[in-house]
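Here's a quick briefing to read alongside the model. Have the sequence and the 3D view open as you go.

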Amino acid sequence: MSPRRSDSSLRCRASRSFFASVAVLRVGVAVACVAIAPVLRAQAESASEISREVKEVFTRSAKAVVKIRATDEHGKLSGTGFFIDPAGTIYTAFSVGADADNFTVEMDGKEVPARQVLADRRSGLAMLKVDDTTTPCLPIGRSDGLEVATPVLTVGFPLDLPQTPSFGMIAGFDRKLLGRYFSTTHLRVNLPTQRGEAGAPLLNFKGEVVGVLVSSVDNGSACYALPINAAEKIHSDFVRFGEARHGWVGINVAEAAAPLEGSRAEFTDIMPGTPAADSGAKRGDILLQVGNTPVREPEDVLDASFFITAGDRVPITVLRGSQKLIFEVEAGFHPAAQRPPIIASPLSPQAMPLGLDRTP
Amino acid sequence: MENFDDKDIATLLRLKRHEQPPPGYFDNFLHEFHRRQRAELLRQPVWRIALQRAQDYMFQLNVPALTSYPVAAAAILVCAAVLSLKVYQAPDAQTVATAVVQQPGAIAVSSPANAAWNLSSSPISARDIGSMPVRTSSDNMQTHRLATPPRYVLDSTPVSYEPASFRF
């Protein structure tokens, strides 16, 4: 074989293998495109589904969310609130509905006067009322079923802008922020907020209220919401007694050296002159449960304490040695709670369904 | 002077002793002396006159006894502090002040020629309105009075607060 013939056959073989590899590459890309297409389509459909649900909840809830205007010592203020019943009861944040007067509510483009019925600093909730018996209202959900990453949305009135939805998700359940304890666990929500949205409802995808927006976090990139169960406890107190009745029994708790029955909460002090003084509880007892709230850590007593109503009998389950004991204690008024509560315009006796005496 | 000896000098002094000024020379002598002295003083620059006066004053106070390194250092520090305060606190409001003085009772918009040299965050449409006053100050005050915005409420932390001890 001459050297020239050998060169041309080598060149031919090289070009053939090059075209073959290009063809294989093309086929590979085509197969990958076919495989990815359904995934991309599913993602787009999922995004449009979320968007549709958010829009639907927003449209359904918008009428029950109102802009609140008031005047306080610094001048005019503006916030958000929402109706929880057709009788015109509004939930809002303490910072909107507490230390102010001349409340008005913007409904259907009209300014309607409102009055404050309760403001509770310990929970951060305020309640207003308009004299209207046909107000649209939001359904109340449950906050104890929420989990991290549950999608939620809010509807509020930022600045002087119209009703605005914001979408986000539950980011955590916090009892303290920067070394400061809350009276009960708050929902931290990764949802952007602006000024004017204090008191806005936090809604799940069923359109139910699961929280009340009370503050921003880190300049509005996230927010804190009071769980609706906590707000409903305050509402329940108000319906029963005409005021928020934060209760306590008078026991100090600290962390035990070792967990017993899954709890590390140990009684360190039974305060004299409190309901617990004569209850039979002793220093060194391990706290297992307060009412229906199980206790595992000392911090758990914050929530347990929050849901105690002064005047109610509270069963307290403890472990003493190997014995499980249950005491029933009539709760007193919590020293951290403001008494008397701020009630600008007390309800008439007819407005209190159970007709209970409001004096402690 | 090397050619003169004591004898020559004595002869010269004797000759001069008989020389007399012209008649009336001493009549206005003191007045003329003071006039020439003032004229000589005024021929100096003002700063030198001031310096001489200051020196005289300081020497009267016996300043050399006071001048020591700590005093000088303290004086320098005070001067530096005053100068630095002036440099860092003085706002660059000369342009604004000039504009207000030129157009009393009006808010002037900077001319496009000036705007070309300024880095401004406002959009071009707002800068290029022109050099005519757009609003009088009375109009502006009225608007502010009527449209005071409310405080849009959203706290930075929840108001809910619990003492750090765990009790229930």
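Predicted model: local features only at pLDDT ≥ 70, side-chain atom pairs only at ≥ 80, totals over all residues.

Residues are numbered from 1 along each chain as its sequence is written, while chains are lettered from A and ligands numbered from 1 in the order in which they are written.

**Chain A at a glance**

- Chain A has four helices and 21 strands; these are DSSP runs numbered from the N terminus, with helices being H or I of at least four residues and strands being E of at least two.
- Of its 360 residues, 41% count as buried.
- Take the contacts in chain A between residues at least 6 apart in sequence: 62% of them join residues at least 24 apart. Here, two residues are in contact if their C-beta atoms, placed from the backbone, lie within 7 Å.

**Around A:Cys137**

- You'll find A:Cys137 in the loop between strand 7 and strand 8 of chain A.
- Not counting residues up to four places away in sequence, A:Cys137 touches A:Ala64, A:Phe83, A:Ile84, A:Asp85 and A:Pro86.
- A:Pro86 is 51 residues from A:Cys137 in sequence, yet the two sit 5.9 Å apart in space, C-alpha to C-alpha.

**The nonpolar core**

- The largest nonpolar core has 88 residues, and A:Ala126, A:Leu202, A:Val212 and A:Ala225 touch the most other members. A nonpolar core is a set of buried Ala, Val, Leu, Ile, Met, Phe, Trp, Tyr and Cys residues joined through C-beta atoms within 7 Å.
- Strand 12 (residues 209–217) of chain A gives the most to this core, with six residues.
- Domain 1 (47–242 + 338–360) and domain 2 (247–333) of chain A both give residues to this core, so it lies between them. The domain bounds come from an automatic or database domain assignment.

- Helix 3 (residues 228–241) of chain A has 14 residues and reaches 20 Å from its first C-alpha to its last, close to the 20 Å expected at 1.5 Å a residue. The expected span is 1.5 Å times one less than the number of residues.
- Of the 14 residues in helix 3 of chain A, 10 are buried, so the helix is largely enclosed by the rest of the structure. Among them are A:Ile228, A:Lys233, A:His235, A:Asp237 and A:Phe241.
- Just after helix 3 of chain A, A:Gly242 takes a positive phi of about 80°.
- Helix 2 (residues 29–42) of chain B also has 14 residues and reaches 20 Å from first C-alpha to last.
- Helix 2 of chain B is hardly covered, though: the count of buried residues in it is zero.

**Strand pairing in chain A**

- Strand 17 (residues 286–290) and strand 19 (residues 313–320) of chain A run antiparallel, joined by four bridges. Two strands pair if DSSP finds at least two bridges between them.
- Within that pairing, A:Leu287 stands opposite A:Val318 in strand 19.
- Strand 19 is also joined to strand 20 (residues 323–330) of chain A, antiparallel again, by eight bridges. A:Arg313 has A:Glu330 in strand 20 as its bridge partner.
- The hairpin of strands 19 and 20 of chain A has two residues between the strands, and A:Gly321 there takes a positive phi near 65°.

- Most residues other than glycine have a negative phi.
- A:Ala149 has a positive phi of about 80° although it is not a glycine. A:Ala149 lies in the loop between strand 7 (125–129) and strand 8 (151–156) of chain A, and is exposed, with 9 other C-beta atoms within 10 Å.
- A:Glu261 has a positive phi near 55°. A:Glu261 is in the loop between strand 15 (251–260) and strand 16 (263–270) of chain A, and is exposed, with 12 other C-beta atoms within 10 Å.

**Where the chains meet**

- The contact takes 46 residues from chain A and 20 residues from chain B.
- On the side of chain B that touches chain A, strand 3 (151–152) and strand 4 (166–167) each supply at least two residues.
- By class, that side of chain B has 12 nonpolar, four polar and four charged residues. Ala, Val, Leu, Ile, Met, Phe, Trp, Tyr, Cys and Pro count as nonpolar, Asp, Glu, Lys and Arg as charged, and the others, Gly among them, as polar.
- Strand 2 (residues 75–83) of chain A and strand 3 of chain B pair in the parallel sense over two bridges, with A:Leu77 opposite B:Arg151.

Note on methods. Buried ≥ 20, exposed ≤ 12 C-beta atoms within 10 Å, placed from the backbone.
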